[in-house]
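Dear colleague,

I am handing over the structure below, and after it I set out what was found there. Please read the notes alongside the coordinates.

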Amino acid sequence: MAGIDNQERDTFSGKLGIIAAAVGSAVGLGNIWRFPYVTGENGGGAFLLIYLLFILAIGFPVMLAELSIGRRAQRNALGSFRKLAPGKPWYLVGVMGIVAAFLILAFYSTVAGWTLEYLVQSLGNSFAGKNAGELSENFETFHSGTFRPLLWQMIFMFLTAFIIFSGVKKGIEKYTKILMPLLVVLILAVSIRSLTLPGSGEGLKFLFSPDFSKITWNSVLMALGQAAFSLSIGMGTLITYGSYVRKDNHLPGIAFQVSLSDTAIAILAGVMIFPAVFAYGIDPASGPGLVFVVLPNIFAQMPGGHIFSIFFFLLLAIAALTSTVSVLEVVVAYFCEELKMTRAKSTILAATAISVVGVFATLSFGPLKGATIAGKTFFDWFEYLTANIMLPLGAIFIVLFVGWYLGRKAFSDEITSGGQYKIAITGLLMFVLKFLAPMAIAMVFIYGLLGGSL
Ligand code: PHE
């Protein structure tokens with residue numbers, strides 16, 4: 001059983017609990033907001049194929065490695081490395097994870113705030129009767145403002161802090177189990193409407209027929225970054241959550257189910273968005289606003305669009321919330337365990353500091369639009385640095401840590417729960433962790449940063 005030194009550590013109630021929480025973390029704006037727009041900017045089908053390959057060959061093994069580290073160490077993202085590799089520089093991977101958590105939450109809460117604005121607009125039935133041009137205009141005006149986007153961001157940060165404050169497990173576990181299936185049903189309903197729009201076939205072709213001439217090394221790096229971002233790997237979220245998993249839970253099964261659900265929802269989101277993108281003549285490469293422009297168009301035109309839009313943005317906000325909670329928990333668990341602060345104090349401190357950084361992200365679409373470095377705003381930089389740089393780098397070090405430092409015996413002990421389960425592919429997994437994943441990530445990383453075509 002768990003060691004005596006962690007008697008008071010919280011755990012998830014069981015397998016369903018950790019799956020709900022981890023799916024809650026994985027499924028979020030990354031699937032519904034980011035996946036479609038990044039896929040749109042990188043040419044569609046071929047990008048999707050590379051993305052799927054990364055989920056399978058890299059995402060799943062990294063997720064399993066992270067969960068194993070956390071459960072073995074029973075500590076936060078930084079403390080886990082300190083405990084398993086005392087006196088070694090591995091803890092720097094944890095440091096990077098905590099910095100990444102700050103930056104991710106800073107820009108994520110901007111977009112999460114937008115979902116709240118759109119929820120309120122849905123409640124007022126304000127998409128009805130508007131055409132595509134007016135709906136783009138509507139988004140443009142709102143998100144380039146100052147007061148409202150900031151207000152929503154702060155409200156969202158407050159909600160996130162509130163849940164973390166009162167302890168995640170009970171609330172998150174309970175709600176995600178009910179809400180995630182509901183989100184799937186809604187996405188299905190909206191997809192059906194989208195698919196039945198005249199001209200929708202173009203969208204499916206864009207999403208599913210690969211045209212490799214549009215792929216550059218940079219888009220391969222984007223696919224890797226998106227896979228890592230969407231699975232919540234590479235920064236310690238799953239180390240932290242893994243530390244709350246009971247010793248008898250089957251880690252590979254958990255990692256598999258979480259990866260599969262996350263991927264299914266991203267593809268569904270693509271099926272929901274792209275047919276409408278083409279039907280309404282919107283540019284698939286229109287960036288972070290894509291979903292906020294396309295979806296209201298569908299709602300404005302579908303029977304029951306009013307009620308569907310309310311449900312949809314409500315659930316999107318909730319999906320975002322179960323993700324932001326998991327990001328904040330990384331920082332809070334670190335403050336609590338390593339800096340010995342109370343949970344309340346850690347939460348307030350972390351949420352306040354992140355909100356301050358977040359202001360720069362939110363104002364990047366308005367007053368700070370012109371404040372760019374190398375053509376990227378604060379928002380763009382936070383997103384780029386985390387998804388495309390920090391998460392892939394974190395993932396490399398995590399697999400190297402498990403593959404070479406922890407080693408086969410400890411890893412196998414963890415994934416079989418001390419011999420309780422038989423895992424036939426341990427050898428294959430070790431090969432991936434030691435060689436395949438680090439080499440593939442390093443290659444994509446270097447070529448991606450250098451740019452150029454394949
Ligand atoms: N996976 C989340 C999403 O897709 C975002 C996230 C990234 C959460 C990293 C935690 C850690 O929305």
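At what angle do helix 13 (residues 290-301) and helix 14 (residues 305-338) pack, and how far apart are their axes? Before the answer, please note that this is a predicted model, in which local features need pLDDT of at least 70 and side-chain atom pairs count only at pLDDT 80 or more, while totals for chains, interfaces and linings use all residues. Residues are numbered from 1 along each chain as its sequence is written, and side-chain values use heavy atoms, with hydrogens and water left out.

The two helices (DSSP runs of H or I, at least four residues, numbered from the N terminus) pack at an angle of about 145°, with their axes 9 Å apart; axes are lines fitted to C-alpha atoms over the stretch in contact, and angles run from 0 to 180 degrees between N-to-C directions. Helix 13 contributes Phe292, Leu295 and Phe299 to the contact, and helix 14 contributes Gly305, Phe308, Ser309, Phe312 and Phe313, where contact means heavy atoms within 4.5 Å. These residues divide into six nonpolar, two polar and no charged, with Gly counted as polar.

Helix 5 (residues 91-123) and helix 16 (residues 378-415) have axes that come within 9 Å and cross at roughly 145°. Among the residues that meet there are Val93, Met96 and Phe107 in helix 5, and Phe379, Glu383 and Phe397 in helix 16. This contact comprises 16 nonpolar residues, three polar and one charged.

A polar side-chain atom of tyrosine 108 lies 2.4 Å from an oxygen atom of the ligand, a polar backbone atom of leucine 29 is 3.1 Å from a ligand oxygen atom, and an N or O atom in the side chain of serine 232 is 2.9 Å from a nitrogen atom of the ligand.

Finally, asparagine 138 lies in helix 6 (residues 132-143), and, leaving aside residues up to four places away in sequence, touches Tyr118, Gln121 and Phe127.

Terms used:
A polar contact is a pair of N or O atoms within 3.5 Å; within protein, one must be able to donate a hydrogen and the other to accept it, and residues adjacent in sequence count only if both atoms are side-chain atoms.
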